[in-house]
Amino acid sequence: MSQTGVQARRGAVSLLDQILGDEPRLMSELLAGGVLEKLPPDDRARAQRLATETLRGLERADRLLQKHLKKYPPLTIHNVLRVGTIELCQGGAAHGVVNAMVNLVAQHPRLSHLKGLTNAVLRKIAAEGPDAWDALRAPRLPKWLRGPLIEAWGADAMAAMEIAHFKGAPLDLTAKTDPQAVAEATGGTLLPTGTVRITNPGQVSTMPGYEAGDWWVQDAAAALPVRILDPKPGEAILDLCAAPGGKTMQLAAAGADVTAVDDSIPRMVRVKENLSRTGLAAKTLTKDARAVKGSFDAILLDAPCSATGTIRRHPDLPYAKDGSEFGALIELQTELIDHAWTLLKPGGRMVFCTCSLLPDEGEVQVDEALEKHQDMQVDSSVLSLPGIDSSWITTEGGLRLRPDYWSDFGGMDGFYIACLRKAG
Ligand SMILES: C[S@@+](CC[C@H](N)C(=O)[O-])C[C@H]1O[C@@H](n2cnc3c(N)ncnc32)[C@H](O)[C@@H]1O
């Protein structure tokens, strides 16, 4: 086993130690903080992929490991065993995986005495694990999130969503101008909503059309709010909470006069980089959306939220979070809707959306906004788009998207989207 294989696995274990540790962190925060920056790019990508796969299959890995452990070892060794189990059960060659994991432990400054245990347990997993793997249930979400989601959608829907989370997500692209041409160039499939879907992607930056800025990565569900807003050339459109800019680019590509606002300096840098790569233009303002002034034909408000709709892409979220921050986010969403409404011209439209599965961040927000703003109506007529099932339209007139929808095409992120019209 090359040292390279050990390095990538050590990177994966280090990510897991921090995501599952006493002070849990999101993988995106760890990566942005440079936790893997000493690794060469290929190893970094492999470490991230291994950690992601391990988090998706964590419950299954622990069920297999339990049989061979009298008590759980220190977290790092537990994570070594989890990564090894995932690799072995997903077709990794037994000899290579076991050797790499034992080497990794042997090189550990404090835990090298546990290399014998690592070797013994992973050999047993190599012998039995792959056959047992498929018979295990799809991993469940932790209770703090599972409970509220069952309450909202029922136990059957929860089980279907957990299967979707376990399957993971394909790579979705939004074309700047010509989705058919992007599908042909990348070997992707054109979905009914206009997104190009790639099931076995390589490295994104080396795919055809990336350098030329012909497309950007954006989940099929995340591309729908702008399709629902239906921007027209020359319209003054305010894009609130815009970074990293997926929706800003859609609005700009439609020819709108876009003002993109986000309060995060580093995330706004990414908006500017994305606009530059795709050759699109938008005004950018780095400030709190609640401090924005002006008057706009249309507004897109993609509010910060729990991001529980993106768990199939970010399986670290249920472990790194515990729901304690969600109350503050829900209050912020209400404030953002109320302020954005003051910036909308009479007769204008505002699309409010969140990548959340929690009704408090979607259906309930719109219900409450309708009670508060006498000049607000929901327009559900704009939701009748190709690929959208009418049963996804909610009683208050929004669109509820879930990861178990479109299961034949490879699913979609969970989202809530509503188009709100202001009286003229
Ligand atoms: C869901 S993300 C937006 C995704 C983006 N619309 C896209 O399509 O690429 C939410 C964004 O809200 C920003 N944000 C959070 N609170 C904010 C506030 N008070 N004012 C402006 N932006 C805020 C965050 O920095 C984050 O970039």
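Is Cys241 buried or exposed, and how many C-beta neighbours does Cys241 have inside 10 Å? I counted 24 C-beta neighbours inside 10 Å, so Cys241 counts as buried. My cut-offs are these: a residue is buried if 20 or more other C-beta atoms lie within 10 Å of its own, exposed if 12 or fewer, and partly exposed in between, with C-beta atoms placed from the backbone.

**Before going on.** I note that this is a predicted model, in which local features need pLDDT of at least 70 and side-chain atom pairs count only at pLDDT 80 or more, while totals for chains, interfaces and linings use all residues. Residues are numbered from 1 along each chain as its sequence is written.

**Cys241 and its surroundings.** I placed Cys241 in the loop between β5 (236–240) and α12; helices (H or I, at least four residues) and strands (E, at least two) are DSSP runs, numbered from the N terminus. Leaving aside neighbours within four places in sequence, I found Cys241 in contact with Asp262, Ala289, Leu301, Asp302, Ala303 and Pro304, where contact requires that the C-beta atoms of two residues, placed from the backbone, lie within 7 Å.

**Asp302.** I then turned to Asp302, which sits in strand β8 (residues 296–302) and counts as buried because 25 C-beta neighbours lie inside 10 Å. Not counting residues up to four places away in sequence, Asp302 touches Pro225, Cys241, Lys247 and Cys353.

**The ligand and the record.** Around the ligand I listed 18 residues, of which Cys241, Gly246, Ser264, Ala289 and Asp302 come nearest; a residue is near a molecule or strand if its C-beta atom, placed from the backbone, lies within 6 Å of it. The elements that give two or more residues to this shell are α12 (246–253) and β6 (257–262). I sorted the shell into 8 nonpolar, 3 polar and 7 charged residues, counting Ala, Val, Leu, Ile, Met, Phe, Trp, Tyr, Cys and Pro as nonpolar, Asp, Glu, Lys and Arg as charged, and the others, Gly among them, as polar.

In UniProt I looked up the annotation "binding site" (unreviewed entry), which covers Cys241, Ala242, Ala243, Pro244, Gly245, Gly246, Lys247, Asp262 and Asp302. These residues are spread over 62 residues of sequence but cluster in space, with a largest C-alpha distance of 12.8 Å. I keep in mind that UniProt positions are given in the numbering used here, that feature names are shortened, and that annotations may be inferred rather than shown by experiment.

UniProt places the feature "active site" (unreviewed entry) at Cys355, which I found in the loop between β9 (344–354) and α16 (363–372). Cys355 is buried, since 26 other C-beta atoms lie within 10 Å. Apart from neighbours within four places in sequence, the contacts of Cys355 include Ala222, Cys305, Ala307 and Asp413. One of these, Ala307, has a positive phi of about 60° although it is not a glycine, and I located Ala307 in the loop between β8 and α14 (317–320). Ala307 is buried too, with 21 other C-beta atoms within 10 Å.

**Two domains.** I noted that the protein chain is divided into domain 1 (3–133) and domain 2 (171–422), with bounds that come from an automatic or database domain assignment. Their C-alpha centres lie 35 Å apart, and 9 residues of domain 1 are in contact with 5 residues of domain 2. On the side of domain 1 that touches domain 2, α3 gives the most, with 3 residues, and the residues of that side divide into 6 nonpolar, 1 polar and 2 charged.

**Helix α4.** Last, I looked at helix α4 (residues 58–66), where Leu58, Arg60, Ala61, Leu64 and Leu65 are buried. They lie on the same side of α4 because they cover an arc of only 165° around the axis, the arc being that of the directions from the helix axis to the C-beta atoms. I found that the buried residues of α4 pack against α3, α5 (75–89) and α7 (115–133).
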